[in-house]
Every structure is written in C-alpha cells, then in structure tokens.
Amino acid sequence: MAGHNKWSKVKRAKAVTDARKGKVFSRLAREITLAAKSGGGEPEANARLRTLVLKAREANMPAENVTRAIKKGTGELPGVTYEDVTYEAYGPGGVAFVVVVTTDNKQRAAQEVRSIFSRHGGNLAGAGSVLFQFLHAGQFLIAQENATEDGLMELALEAGADDVIASEHGYEVRCDIHAFDKVAHALEAKGIKPESSEIAHIPVTTVPIADPATAQTLQKLHDALDEIDDVQAVFSNEDSA
C-alpha cells in the first residue's frame with residue numbers, strides 16, 4: 001500500500017513512465033520556485049533547495065527547467081506566486097492522511113482535495129486533528145547494498161540523526177528537520193545515495209487494514225490524490241500487511 005510503507009511508494013515512483021514525467025517535472029518546478037523564494041537561490045546555502053535540485057537531477061529533469069524555476073523564485077524571472085498548504089484528513093477505515101500541497105490558488109486546491117476524499121469515503125479534518133499522529137522529521141531510505149548497518153549508524157548519528165532503523169527493505173535514517181541538510185551532506189560525502197530523502201510526516205502508529213475492499217478504496221484514494229497537480233506529497237498511516 002501507499003502510506004506508511006514508504007519503500008513500496010519509492011518502488012512505484014522509480015517506475016514512473018514517460019507520460020508522467022511532465023507532471024513530475026511540474027511538481028518539482030513548483031517546489032523549487034517556492035524553496036528559492038523562501039531561502040534564496042543558492043543550493044549550498046538553502047537546504048530545501050539543495051534537496052530538490054538533487055531530486056530533479058535524479059528524475060532527469062532538464063537543467064534549464066531547474067534554473068528557470070529557481071529564477072522565478074528569486075524574482076529574476078516573472079512567475080506565479082506559490083505557497084505551501086497542509087491538509088489533514090481521514091480516509092476509509094479511519095486511516096489518517098496528511099496531504100502537502102504547493103499551489104497558486106488555495107481555494108481551488110482545497111476544493112479538489114475535499115472532493116477526492118468525499119468521493120472515496122473520507123473527509124477533511126480540522127487543523128491539528130491528524131498531525132499529532134505523525135512525526136515530522138527528516139527521512140532517508142537507504143538500500144542494504146549501499147551501506148552497512150554499523151557504518152551507517154556511526155555516520156548518521158555523528159551527523160545529527162536521531163535513529164537508524166533496519167528492516168528487510170534496507171535502512172531508514174530519521175533526523176530532526178533542522179539536521180536534515182547536515183545528514184544529507186554526510187551521506188553524500190561517503191558516496192551513499194538514498195533511495196528517498198525528504199522532510200516527511202511519519203506515522204507514529206498504524207491502522208491495520210484487513211478488508212480487501214477497504215484496501216482497494218484506499219489505493220484508489222491515493223491514486224486520485226496523486227493526479228492533482230498541486231499535491232506534492234501524501235502521507236498516511238494504513239497498514240495492509
């Protein structure tokens with residue numbers, strides 16, 4: 001399932017088709033513009049921008065697109081004004097959702113997100129009613145073949161990470177959001193390339209989903225949210241295992 005099993009989501013993302021690359025590039029461009037606007041256009045001095053530029057490179061986004069998005073953010077080129085909005089919601093089975101949006105029209109974005117949840121048996125929730133169920137932290141997912149547990153533990157903790165969690169999929173490094181850039185730099189310096197790196201909303205507890213029909217509806221809900229251009233990330237706490 002999409003949701004708390006971040007590894008599954010990463011595998012799907014890596015299988016993105018050419019038909020969807022345009023949408024991926026559009027979303028990255030919005031985030032890059034917003035990051036440059038809030039923290040400046042120099043990646044080395046702007047942790048969020050640096051991470052997004054690396055993501056754009058991994059997605060094979062053309063360099064000129066990245067440069068143009070940065071210049072729109074710094075005001076060197078004209079462009080629309082984007083802002084970040086976070087929506088809290090509940091889906092089928094009592095699953096909690098955090099939907100992160102970058103938009104130039106909050107009213108439109110809210111209507112689209114609300115409509116998607118309504119059509120799939122869910123609803124938007126009040127501010128603070130969902131976020132407490134998630135840990136807001138830096139998250140790096142690293143494949144087993146790219147590091148050893150002991151070596152990664154020493155490197156990550158020395159760089160300011162809070163925890164390294166080993167699983168059958170690989171290693172998950174968690175850190176305070178303010179330590180994100182330092183941990184990212186430490187991994188890069190050792191040639192360790194994460195499968196995923198982001199400021200995430202990580203579920204503290206998960207909701208078991210045993211009913212196949214509910215699981216299918218949740219997947220359709222995730223897919224529908226992913227189709228909204230303004231939606232940048234979706235975090236949820238279902239566990240269908």
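**A helix pair and its rings**

Mentor: Helix 3 and helix 7 are oblique to each other (angles under 35 degrees are roughly parallel, over 145 roughly antiparallel, 65 to 115 roughly perpendicular, the rest oblique). The model is predicted: local features need pLDDT of at least 70, side-chain atom pairs pLDDT 80 or more, while totals for chains, interfaces and linings use all residues. Residues count from 1 along each chain as its sequence is written, and side-chain values use heavy atoms, without hydrogens or water.

Helix 3 (residues 47–58) packs on helix 7 at about 40°, axes 9 Å apart. Axes are lines fitted to C-alpha atoms over the stretch in contact, with angles from 0 to 180 degrees between N-to-C directions. Helices (H or I, at least four residues) and strands (E, at least two) are DSSP runs numbered from the N terminus.

Ala47, Arg50 and Thr51 of helix 3 meet Phe180, Asp181, His185 and Glu188 of helix 7 (contact: heavy atoms within 4.5 Å).

Now the rings. There are two aromatic pairs (centres within 6.5 Å; planes under 30 degrees apart stacked, over 60 edge-to-face, the rest tilted). Phe97 and Phe117 are edge-to-face, at 5.2 Å and 80°. Phe97 sits in strand 2 (residues 96–103) and Phe117 in helix 5 (residues 106–119), so the pair ties together parts 20 residues apart in sequence.

Phe140 and Phe180 have centres 4.8 Å apart and planes at 20°, so they are stacked. Phe140 is in strand 4 (residues 134–143) and Phe180 in helix 7 (residues 180–189), 40 residues apart. Phe180 is buried at 5% relative accessibility (buried is under 20%, exposed over 50%, partly exposed in between; 1.4 Å probe, protein chains only). Phe140 is buried too, at 1%.

Conventions:
Rings of Phe, Tyr and Trp (its six-membered ring) pair if their centres lie within 6.5 Å; planes under 30 degrees apart count as stacked, over 60 as edge-to-face and the rest as tilted.
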